[in-house]
Amino acid sequence: YEANASEAAALATRFDLPGIQRLSGSLRVRRPGNGPLIRVEGEVHAEVTQVCVVTLEEVASRIEESFVQLYTTAPQPEDSEVFVSPDDEDTPEPLTGNSLDLGEVLAEQLALALDPHPRAPGAALSQVSFGTPDGPDEAGARQSPFAALKDLKTPGSSG
């Protein structure tokens with residue numbers, strides 16, 4: 001599967017990205033033993049543009065991820081509890097209806113693979129000056145956010 005330009009633009013808007021230059025994937029769907037379980041194995045390949053969390057510059061990212069996603073067609077009681085074991089495979093997602101949107105599966109896997117805190121090369125929080133709530137101090141230096149708290153303590157108060 002390969003996303004066309006309009007699909008990529010719609011996903012970029014949905015995921016609040018400046019752009020998705022390329023999105024493709026290969027998927028294999030299996031239903032072991034004709035039971036209620038559906039196993040989707042695949043790979044997602046993408047070239048996306050994200051925004052650096054430090055500098056707010058656009059950052060190019062390449063994504064190459066393999067995944068396995070399980071679905072079940074078995075009815076799920078609304079008030080049932082789900083027990084998850086770290087040793088077991090992922091808990092199957094309930095499938096509503098009688099079809100599986102593989103484009104949506106690929107889009108969800110892209111969203112999971114995105115770097116939640118992208119940074120431009122060399123960007124570090126030490127480059128950012130926070131100053132005081134009203135701006136930098138007189139010397140233009142960065143102050144601790146707790147420095148303003150010491151001024152709030154009034155003489156004679158306990159604390």
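Let me begin with a term: pLDDT is the predictor's confidence in each residue, on a scale from 0 to 100. The term is needed at once, since the structure above is a predicted model. Over the chain the mean pLDDT is 81, and 69% of the residues reach 70 or more. Among the elements, helix H1, residues 5-14, has the highest mean, at 97, whereas helix H3, residues 147-150, has the lowest, at 60.

I turn to helix H1. Which of its residues are buried? They are Ala8, Leu11 and Ala12. Viewed down the axis of H1, these buried residues fall within an arc of 105 degrees, and therefore they line one face of the helix. The face turned away from that buried side carries the exposed residues Ser6 and Thr13. As for what covers the buried residues of H1, the cover includes strand S1, residues 19-30, and helix H2, residues 102-113. Just after H1, the backbone at Asp16 adopts a positive phi of about 55 degrees.

Next, the sheet. Four strands form an open sheet, in the order S1-S2-S3-S4, and the pairing is mixed. At its edges are S1 and strand S4, residues 93-94, each of which pairs on one side only. Helix H2 packs on this sheet and touches S1, S2 and S3. The direction of H2 makes about 125 degrees with that of S3.

Let me now take the strand pairs in turn. S1 and strand S2, residues 37-51, are antiparallel and are joined by 11 bridges. Within this pair, Arg22 has Glu47 of S2 as its bridge partner, and Arg28 stands opposite Glu41 in S2. The two strands form a hairpin with 6 residues between them, and in the turn Gly33 has a positive phi of about 65 degrees.

How many bridges join S2 to strand S3, residues 58-72? There are 15, and these two strands also run antiparallel. Here the bridge partner of Glu43 is Ser66 in S3. S2 and S3 likewise form a hairpin, with 6 residues between them; in this turn, Leu56 is the residue with a positive phi, of about 65 degrees.

To close, I return to helix H2. This helix is part of what covers the buried residues of H1, and H2 also packs on the sheet, in contact with S1, S2 and S3.

Terms used:
Residues numbered from 1 in each chain as written. Predicted model: local features only at pLDDT ≥ 70, side-chain atom pairs only at ≥ 80, totals over all residues. Heavy atoms only, no water. Buried < 20%, exposed > 50% of the residue type's maximum accessible area, 1.4 Å probe, protein only. Arc of directions from axis to C-beta. Contact = heavy atoms within 4.5 Å. Pairing = 2+ DSSP bridges. Axes fitted to C-alpha atoms, helices over the stretch in contact; angles between N-to-C directions.
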